[in-house]
Amino acid sequence: MDHDDNFSAGTTTADVETAPVTVIVCSSCRDENGSDAHPRAGALLAEATRAAARDRHSIEVRTVECLGNCKRRLSAALLRNDCWSYVFGDLTVGSGSDLVAGAELFATSQDGLIPWRGRPDSLKRGLVARIPPLAVLKDQI
Ligand code: FES
């Protein structure tokens with residue numbers, strides 16, 4: 001896989017515009033033991049992500065009941081309008097700050113990709129898929 005290692009080292013968040021990013025956390029994912037206990041581990045991750053995103057006005061945290069990524073444990077996605085969308089798995093209940101760090105990188109990205117450099121390790125190892133916006137598909141009929 002190509003790594004999006006194109007974030008210039010001198011760029012700061014003050015230098016670039018900030019676009020809204022939505023973090024979608026699966027609130028139904030179970031913990032590593034597969035426990036049905038409530039709140040589910042995914043709900044705890046959503047709560048931690050909301051706490052980490054507090055005061056970050058460009059980042060919205062939403063939940064969904066399944067991202068179809070159940071075999072990769074705790075799951076979340078990052079979305080930005082007209083940009084690639086990212087799905088992550090193998091997260092933990094402590095990954096909220098990583099998701100927000102990734103969302104901040106995404107929000108200030110000038111090319112609409114989450115840069116590889118600076119991305120939290122959990123969002124490198126846990127990448128499941130990235131999905132392009134329809135506008136970038138080159139094989140449209
Ligand atoms: S229950 Fe979380 S991805 Fe399916």
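Modeller: Helices here are DSSP runs of H or I with at least four residues, and strands are runs of E with at least two, numbered from the N terminus. On that basis, this predicted model has three helices and five strands. Their order along the sequence is β-α-β-β-β-α-α-β.

The chain has 141 residues, and 39% of them count as buried. Among contacts with a separation of 6 or more, 68% are between residues 24 or more positions apart. The accessible surface is about 8200 Å², with 49% of that area belonging to carbon and sulfur atoms.

Now the part you asked about. There are two aromatic pairs in the structure. In one of them, Tyr 86 and Phe 88 have ring centres 6.2 Å apart and planes at 5°, so this pair counts as stacked; the cut-off for stacking is planes under 30 degrees apart. Both Tyr 86 and Phe 88 are buried.

Tyr 86 also pairs with Phe 106, this time edge-to-face, with 5.5 Å from centre to centre and 85° between the planes. Tyr 86 belongs to strand E4, residues 85–91, while Phe 106 belongs to helix H2, residues 96–107, so their pairing ties together parts that are 20 residues apart in sequence. Phe 106 is buried, as is Tyr 86. Taken together, Tyr 86, Phe 88 and Phe 106 make up one aromatic cluster.

Strand E5 covers residues 127–131.

The segment after strand E5 contains Val 136. With a relative accessibility of 35%, Val 136 is classed as partly exposed, because that class runs between the limits of 20% for buried and 50% for exposed. Together with Leu 134 and Leu 137, Val 136 makes a nonpolar surface patch of about 260 Å².

To return to your request, the aromatic cluster consists of Tyr 86, Phe 88 and Phe 106. Its Tyr 86–Phe 88 pair is stacked, whereas its Tyr 86–Phe 106 pair is edge-to-face.

How values were computed: Residues numbered from 1 in each chain as written. Predicted model: local features only at pLDDT ≥ 70, side-chain atom pairs only at ≥ 80, totals over all residues. Heavy atoms only, no water. Patch = residues over 30% accessible without salt bridge, like charges linked within 9 Å, V, L, I, M, F, W, Y side chains within 5 Å. Areas by Shrake-Rupley, 256 points an atom, 1.4 Å probe, with all protein chains shown as cover. Salt bridge = Lys/Arg side-chain N within 4 Å of Asp/Glu carboxyl O. Buried < 20%, exposed > 50% of the residue type's maximum accessible area, 1.4 Å probe, protein only. Phe/Tyr/Trp six-rings, centres within 6.5 Å; stacked < 30°, edge-to-face > 60°. Contact = heavy atoms within 4.5 Å.
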